[in-house]
Every structure is written in structure tokens, then in C-alpha cells.
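Try each task before you read its solution.

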Amino acid sequence: MSQLVDESPEEARDRDWALVRRHVEGDRDAFRQLYENYRDKVYASALRIVGEAALAEDLAQEIFVKIHEELRGFKFESKFSTWLYRIAVNHAINKANEIERRGRIRERIAREQPPPPDDPPHLRAADRFVDERVLGAVAGLSTKLRAIIALRYLEGLSYGEIADVLEVSIGTVKSRLFLAHETLRPMIQDLYEEKEEKTEGKP
Amino acid sequence: MNCEMFRELMFDYVSGAVDADSLVDFRKHYGGCTACATTMRMIEAQETILTSLPRPKAPPTLWGRIQDQVRDREMLESLDAAPRFRLAGWAAAAAALLIALGTVFIVGGTRPAATVHELPVRVVDIAPQQPDAAAMRRLVPGYENARPANPLADSLMGMNR
């Protein structure tokens, strides 16, 4: 969730609600502020689900325009972030399913390079190798499992929040997460087993 | 605790949400079941890897694109709304015209006086063919005392009383 430092979930909810109210009252800056709070999260989720930067940008644009259109209908019964993720993830899943029917999405995700981190070059190469391996493995998951991986490990949503966003039970969330881990296991197992061996080998 | 119950609690355990009572049983099973312990370590290790993946940032061009699309949509909506107002205006004008014509037709069509007023013109036209009052007096006894109730009949018969 988008939270400022030391901001409680309730404070984040009240801050977002106040911005939505300002938007409904005609304050154009309020929508810009909501965008600033959630742009990276929406874009990152879209990228994890559809797998290509250009497509994720198109998708993030469509999602924010949709949010702008539907914001007047927001009922203040749930967190704004839950409402936003529901729109974003459903939109991204629909788009991914549409692309997947044409059999292109896995190639796209595998091709997508993670952005260069600020680490020193010798660390960067190793990390990038791991990131590419993991992203390639995530690309092999179904759209539903990719979405749940994005919401849990990229956005850091709780199981309850994921259940609200995807409109499924918490049990279903956990089952899907377990299935995602089991599917990833043979593809990335060597990465953490190597690490464990190295750690165990240290005096 | 059996393996199925253990699996149900695995994700709660990772996020520190297992209650104290269940935690004792959970740890007992964890220590005694090799298969579940392996699965648990797998999940913990994979969670660490997945949470450390780079977080992509939205490109700086995104806000401009959103603004453009929102502006275009608002403009299209205002253009769409304008013909609707014009159409509504024309419809209102047409309805008013129809009501006015209908009123004229109904009022004009049911006014009996209009027909009656036209008749004297015809009477003038046929005046030369009026029956002769003297001849009528000869033919109809008491003709002088007759009082036709209908003024139209009177006028047709040329009676000027």
C-alpha cells in the first residue's frame, strides 16, 4: 500500500479519502496527488502481469483514466487502495489473458530486463542474473498466479487485502500462493539451495 | 497437527500471524515432519527472493499521457453533449409547432359558428330563388302566424320579421 513514512493504514486511508473528496469537489490537483501516490505500484503490477514495459505503460494509462472516470462513484466503504488495485489488477489480468490467448506473454516477460540497480558492477551482474532467472520463472506462471505474486511480494498486500482485491476467499489466496511456490520451485530451487550451502559452509 | 493443517498455517507463520496456541503445535509438526519442513524452507527462501526483486518505476511520460487522454475524453463528452442539446431544442420546437397546429385544427374543426356564419353568404347567392311570401300566404293558411324556431329556416324562407 502507498504509505508515507510512519503513516498508519488508517491515516493512509483517511489521506486517500480526503483526496477523493477533493477530486469530486472539482480540485484537479487531488487526482494528480492520488496518481503520485500510486503510479509506481500500478505500473509495477501491470508490468509483472503483462510482462512488457511499453504494454505496461499503456495499461497503466488506461487504468488511471478509468479510475479518473469512476472516482465519482467511489463509495468510501473500502480503502481507496483496495478499490484501485481491484480495477488495476482486473484490467491487467484481462489484458494478459487476451495476449496469452495469442501465446505471446511468456516470451515478453522473459525478455523484459529489470532496471539497473545502484549496486557496484560486480554485484550488479550476479543480481541481474538472479532477477532474470526469477522473472523468467514467474513468467511461466498462469496469469492468476502472476497477479497474486505481484500483489503479495511486489505490493506487500496482506492476504485479506489480496482477497478483497481479487474478490476471493483468504483460503483461495493461500492456495494460489502455495501453488505458485510449488510451480516456481523446480525453476529457481538451485538459486536458494546454492545460497544455503554457501551460508552453511561459512565458519 | 497433521500435514494439511500445517500447510494451511504456513503463510500465516511466515507473516507472524499464527496465534500462540496453534504455534506450539505448528512448531512441533515442523520439527517432526521432514516433508513439511522442506516445504516451509522452500516457501521462506522463495519469499525472500521474490520480495527482493527490483521494483519498476512508472515512466515519467505516463502522467502526460493520462492528462492528454482525460482532456480528450472531456472534450469529446462536451461535443457529444452539444448535439444532444441542439437535438433537444429542435425536438422541443417541433413539439410546440405540432401542439399549436393541433390546437388550431381541433378548435377550428369543432367550432359550429364558423359553418353558420358561412351560410348567409350562400343565402345572398340564392336570394333570387326565395319563395314568394304572397304566394305562400295563398298556399298555406295561417302562414303569417307561423314562427319558425330556426333562424336559418327563417332566413332561407326570406322572412323579415
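**Exercise 1.** Which pattern does chain A follow, read along the sequence?

*Solution.* This is a predicted model. Step one: count the elements. Chain A has nine helices and zero strands. Step two: write them in sequence order. The pattern is α-α-α-α-α-α-α-α-α.

**Exercise 2.** Find the residues that touch the most other members of the largest nonpolar core.

*Solution.* Start with the core itself, which holds 60 residues. Next, ask which helix gives the largest share. Helix H2 (residues 28-50) of chain A supplies eleven residues.

**Exercise 3.** Decide how well helix H8 of chain A is covered.

*Solution.* H8 spans residues 159-166. Six of its eight residues are buried, so count a residue as buried when 20 or more other C-beta atoms lie within 10 Å of its own. The buried ones are A:Tyr159, A:Glu161, A:Ile162, A:Asp164, A:Val165 and A:Leu166. The helix is mostly covered.

**Exercise 4.** Is A:Glu167 buried or exposed?

*Solution.* Then count neighbours. A:Glu167 has 9 C-beta neighbours inside 10 Å. The cut-off for exposed is 12 or fewer, so A:Glu167 counts as exposed. Its phi is positive, near 55 degrees, and it is not a glycine.

**Exercise 5.** Where is A:Phe76 placed?

*Solution.* Look in the loop between helix H3 (53-70) and helix H4 (80-100) of chain A. A:Phe76 is not a glycine, yet its phi is positive, about 55 degrees. A:Phe76 is exposed, with 12 other C-beta atoms within 10 Å.

Terms used: Residues are numbered from 1 along each chain as its sequence is written. Chains are lettered from A and ligands numbered from 1 in the order in which they are written. This is a predicted model: local features need pLDDT of at least 70, side-chain atom pairs count only at pLDDT 80 or more; totals for chains, interfaces and linings use all residues. A nonpolar core is a set of buried Ala, Val, Leu, Ile, Met, Phe, Trp, Tyr and Cys residues joined through C-beta atoms within 7 Å. Helices (H or I, at least four residues) and strands (E, at least two) are DSSP runs, numbered from the N terminus.
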